[in-house]
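Dear colleague,

Please find below the structure that I am handing over to you. My findings follow directly after it.

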Amino acid sequence: MALAEFLAELESLEAAARQSLAAAADASALEAARVEFLGAKSGRLKSVQKQLGTIPGPDKPAAGKRFNEAKLAIEAALTMAQERLERSATQAAAAPFDPTLPGPRPRLGHLHPLTQTIEELKDIMGRLGFTVATGPEIEDERHNFEALNIPASHPARDPLENFYLSVAGVATGEPLLLRSQTSTVQIRVMESTPPPVRIISLGRVYRPDTADATHYPMFHQIEGLLIDRKVTMADLKSVLRLFASSFLGGDVHIRFRPSFFPFTEPSVEVDMSWHDTHAGGAIRWIEMGGAGMVDPHVLRAVGYDPEEVTGFAFGLGVERVCARRHGVSDIREFYRNDVRFLHQF
Ligand code: PHE
């Protein structure tokens, strides 16, 4: 056989092999193609190989070289076809994509325990007829002190006891400070509304205290104010008792201790008690804040007539009520923002 004829035959054999290997749609079709072209006994490549012997001597090396190339190419095409069939087999075995299944559920956050407490306290006091009032956190001395009957000489006005701002009010030129108590809102409400008044105000207050288990330089207060005809200390006590038992449960007791605030007369410290199960059920008292009957000076300063109306006010620490309710022994936990703590609420 002439070299040219041999090479032409090899060429068309390789093309035919590539085509049927690539077209094999399953394992048995592929096996049939393999036997047809690469079969050891009667494969078509084998019969071409046999013709190598009939090539004239000088052309033999070229024919042999080309034969080997064609053989390697056909074997490579076989491997590719095998891999292609394996890939589609594993894809078919994997679970088919189901677009109707729900997606992975994202982990939802929730409100901070103090925010939850604030919302719940608003609810409880709302049922007792108190509406929510708000005031600014940056205050002037009139609302934080003077209208509350706190004179300039009072130790509570010491610059070291307050966070004064380094800038004064733009319109007034007067000193400004971060409010140290929500009692400021009492004044703002009474200045702008005639009696009767029945409000609560919840928000942040600031004092340069060293942080410890029961103090923090920024904390939250719930302020209450009720002004009407013939309001008495007994009304104050019933409202606080209802408040405490609604939020903390029925086993809570309330204790008033005589105290002093410039804007209430008489004034009391409010303690709440509970049975400490960690201490063998011993009765424990915790100070929740201050309260009292609104001082006539304060009523007069906002234009109310103390002969006509009286009222009570209270200011309690939100962190303390929240900590007491959940058995948290250190209020600093509320501000560490450790999710392992927060996700328990
Ligand atoms: N404002 C007082 C405080 O922060 C608490 C208080 C409020 C006392 C209302 C009496 C009446 O300590």
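Which atom of the ligand is 2.9 Å from an N or O atom in the side chain of Gln221? It is an oxygen atom of the ligand. This pair is a polar contact, meaning a pair of N or O atoms within 3.5 Å; within protein, one atom must be able to donate a hydrogen and the other to accept it, and residues adjacent in sequence count only if both atoms are side-chain atoms. The protein covers 92% of the 330 Å² of accessible area that the ligand has on its own (Shrake-Rupley method, 1.4 Å probe; for residues, only the protein chains shown count as cover).

Before the remaining findings, a note on the basis. This is a predicted model, in which local features need pLDDT of at least 70 and side-chain atom pairs count only at pLDDT 80 or more, while totals for chains, interfaces and linings use all residues. Residues are numbered from 1 along each chain as its sequence is written, and side-chain values use heavy atoms, with hydrogens and water left out.

**Ligand surroundings**

There are 14 residues around the ligand, each with a heavy atom within 4 Å of it. Gln181, Ser183, Arg207, Gln221 and Gly315 come nearest. A nitrogen atom of the ligand lies 2.7 Å from a polar side-chain atom of Gln181. For Ser183, an N or O atom of the side chain is 2.9 Å from a nitrogen atom of the ligand.

Seven strands form an open sheet with mixed pairing, in the order 1-4-5-9-8-7-6. Strands (E, at least two residues) and helices (H or I, at least four) are DSSP runs, numbered from the N terminus, and two strands pair if DSSP finds at least two bridges between them. Strand 1 (131–132) and strand 6 (253–261) each have a single partner strand, so one side of each is left without a neighbour in the sheet. Strand 5 (residues 218–228) and strand 9 (residues 310–317) run antiparallel and are joined by eight bridges. Gln221 stands opposite Gly317 in strand 9.

Helix 7 (residues 183–192) lies across strand 4 (197–206), strand 5 and strand 9, at about 40 degrees to strand 5. Axes are lines fitted to C-alpha atoms, for helices over the stretch in contact (heavy atoms within 4.5 Å), and angles run from 0 to 180 degrees between N-to-C directions.

**Buried elements**

Glu139 lies in strand 2 (residues 138–140) and, at 1% relative accessibility, counts as buried. Buried means under 20% relative accessible area, exposed over 50%, and partly exposed in between (1.4 Å probe, protein chains only). The side chains of Glu139 and Arg188 are joined by a polar contact of 2.7 Å. Seven of the nine residues of helix 10 (residues 318–326) are buried, so this helix is largely enclosed by the rest of the structure.

**Backbone geometry**

Most residues other than glycine have a negative phi, and most peptide bonds are trans. A cis peptide bond, with omega about 5 degrees, joins Pro195 and Pro196; Pro196 is in the loop between helix 7 and strand 4. The bond from Glu265 to Pro266 is also cis, with omega near -5 degrees, and Pro266 is found in strand 7 (residues 264–276). Lys230 has a positive phi of about 60 degrees and is exposed, with a relative accessible area of 74%.

Yours sincerely
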